[in-house]
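Me: I have a new model open and would like to learn how to read it. Could you take me through a few features, one at a time?

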Amino acid sequence: MNKTPILEIKNLKAAINDNEILKDLNLKVYKGEVHAIMGPNGSGKSTFSKVIGGHPAYEVISGKALFNGIDILELEPEERSHLGIFLAFQYPIEIPGVSNEDFLRLAYNAKRIADNKPELGPLEFLPVIQEKLKIVNMSPVFLSRNVNEGFSGGEKKRNEILQMVLLNSKLSILDETDSGLDIDALKIVSEGINTFMNEDKAIILITHYQRLLDYVKPDFVHVMQNGEIIKTGTADLAKELEIKGYEWLR
Amino acid sequence: MPYESKETSNTVLSKLLNQSYKYGFATEIEKEIFEKGLNEDVVRAISQKRAEPEFLLEFRLKAYRKWKQMKCPEWHILKFSEIDYQDISYYSAPKVKDTLNSLNEVDPELLETFEKLGISLSEQKRLTNVAVDAVFDSVSVVTTFKEELAEQGIIFCSMSEAVQEYPELIRKYLGTVVPIGDNYFSTLNSAVFTDGSFCYIPKDVKCPLDLSTYFRINDEKSGQFERTLVIADANSSVCYLEGCTAPQYDSNQLHAAVVELVAFENASIKYSTVQNWYSGNKDGKGGIYNFVTKRGLCAGSNSQISWTQVETGSSITWKYPSCLLVGNNSNGEFYSVALTNNFQQADTGTRMVHIGKETRSRIVSKGISAGKSKNTYRGYVHINNNAIGARNYSQCDSLLIGNLTNATTFPVIRVDNSTTKVEHEASTSKIGEEQIFYFLQRGISIEKGVELMISGFCRDVVTELPLEFAAEATRLLSLKLEGTVG
């Protein structure tokens, strides 16, 4: 097979506060694939997502991250976003004084500007967002509330999926999107992800639990430990981990 | 996993925050300036220079003698080196002919200065819906639309002119709201004030234009002590705006102004300030010491005084625009945004004194603190025992940007009767690296993100400003907080 991966990580090393977290990370993700990254706490899963997103607190020491063949490590976080990289945060932050509607429209228009498309005014945007709200079963009341302010854990996670769907991202990294969700919310979020996923997109799920993978079927499951991927398998690997834990891999 | 990194967070935000001050230029101009120092002779000389009537000289001397016995207040939490009052010049004026008959006689250099500040005074280009009194150091340079306003019986002129033309009004009202001895800085002002604006709106007149004063400090060695007096007679209304800038010097300049407002029955005064004095450099060197006393008297029933302020400049801001609600059913309002950055210190808030029955007051204070600045809200709501049925609502919000800044609030409420209703709300929030990254990850630029957060935070206050000022204020706040991140 001779096609370019949507994401290719080569020997990536990265640190925060001079603490090396990613030691030697290698990963290839192709369009149409769902990957799951599992692993014990502190193994570097969240760091991986932040480094791909371009969080300024993280320093890349060496290695490469190619998105459709383009090295993204030198790009600004917003440029990566415009290319179609999306991060669903583990702990979505509250933004005081900014309504969800304004935030969503601004994000949507920022992408349109990057794509040389005209911006949408509030009235034109409304039907676009209403359509997407249905996918995550969110009430339009959400739009007038401030971003994540006073949202329950489940609402925050659904809001992340809403943004992913709205921005129609090509590569989405979902950092523990399932944590803190009850069964019903997990179903809604999973259905949202499945509806969104298609042959042109790729998704990386960072999770601790097999449960999410019952709803969103991964093509590959990776185990990360100590800043590198130490084992790769299929969905069955996740089931095995659920029973045996991580100890046996060491 | 802890991913907050102070270092990184501060670099990103400081790039964003440190914008250069675009009004920092100084005007080279021939001027008349007094020797530094303060004593009775200087007070007399100021009065003489301005050919003032005897009562005003006595007013000044009384204030000076009182001030000599007073001490600089120490209840604030501001840190600054002691001010040497003998190292300040108390009079600095651009040299002009004795009387100005038209704009043509104003030094073109001065007109150009105001032009550069965005305040066009020439007939062709001046704002059509705002009358401007332009004050440069110690004197008023020019007042626009004076004649047009006079047709309605409205007096709008410099304080110097008012002293000459309307001495009875000055004698009647000066010092009635902020009496001599009220506080250290206002008393100093009473002794040495040089110019400022005077405004009188007669009965039953709604002022058709917004009135405004633009204060410019130019000289490095002189203080600015202006005095503003606004009188709204029964059933009248006026909207007053005030803007301020100063050049960039390494030394500190003292600005100690006094503003007095009087509203009679059914009258309304809306007083707005956008303060952008030079705030010092990023290491805290230089900047204006802004010690201002602003107070309004709601003398008549159903009168209303509303203060709106956007405080972005000055090295130190010490200011509590207040309302004395004497008339029954009178209404006092205070809307404030105070933004501090680098080493700026702001200690600002309001005092609402309820004396009349059914009096109402509303306080909305928004503090934005960035850099290593200190931002303090200080509020005092006093409901006297006769203020039956009085109501107060206070809201006091702080927004912190970065990890090194400091916000404090001191709300004091004193209620002396049981028929009143008092509400107080407060909140603190933070713009940190994680919020910024959230915006960036969604493709939104840092400028847009911060603008959105700031404008959301300040919305309740900015909407109180007159339209021209709202745009100015939003632009100013953006200027102070936005920049390209390299």
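Me: Let's start with α3(B) and α8(B): what is the hand of their crossing?

Reply: In this predicted model, the crossing of α3(B) and α8(B) is left-handed.

Me: Which numbers go with a helix pair like that?

Reply: Two packed helices are described by the angle between their axes and the distance between the axes. Here the axes of α3 (residues 54-69) and α8 (residues 184-192) of chain B come within 7 Å, and they cross at roughly 145 degrees.

Me: Which residues make the contact between them?

Reply: From α3(B) there are B:Phe59, B:Arg60, B:Ala63, B:Tyr64, B:Lys66 and B:Trp67. Facing them, α8(B) brings B:Thr187, B:Leu188, B:Ser190 and B:Ala191. Sorted by class, this contact has six nonpolar, two polar and two charged residues.

Me: Now a single residue. Is B:Lys374 buried or exposed?

Reply: One way to judge is to count C-beta neighbours, with 20 or more inside 10 Å as the cut-off for buried. B:Lys374 counts as buried because it has 20 such neighbours.

Me: Where does B:Lys374 sit, and what does it touch?

Reply: B:Lys374 belongs to strand β20 of chain B, which covers residues 374-383. Setting aside neighbours within four places in sequence, B:Lys374 is in contact with B:Thr340, B:Gln345 and B:Asn406.

Me: How should I read the contact between the two chains?

Reply: The size of an interface is often given as the accessible area lost when the parts come together. For this model, let's go by residues: chain A supplies 26 and chain B supplies 22. On the chain A side, the elements giving two or more residues are α1 (45-53), α2 (77-83) and α3 (100-114). Of these, α3(A) gives the most, with six residues. By class, the chain A side has 13 nonpolar, nine polar and four charged residues.

Notes: Residues numbered from 1 in each chain as written. Chains lettered and ligands numbered in written order. Predicted model: local features only at pLDDT ≥ 70, side-chain atom pairs only at ≥ 80, totals over all residues. Contact = placed C-beta atoms within 7 Å. Helix = DSSP H or I, 4+ residues; strand = E, 2+ residues; numbered from the N terminus. Nonpolar A, V, L, I, M, F, W, Y, C, P; charged D, E, K, R; others polar. Buried ≥ 20, exposed ≤ 12 C-beta atoms within 10 Å, placed from the backbone. Axes fitted to C-alpha atoms, helices over the stretch in contact; angles between N-to-C directions. Left-handed = near helix turned anticlockwise from the far one by under 90°.
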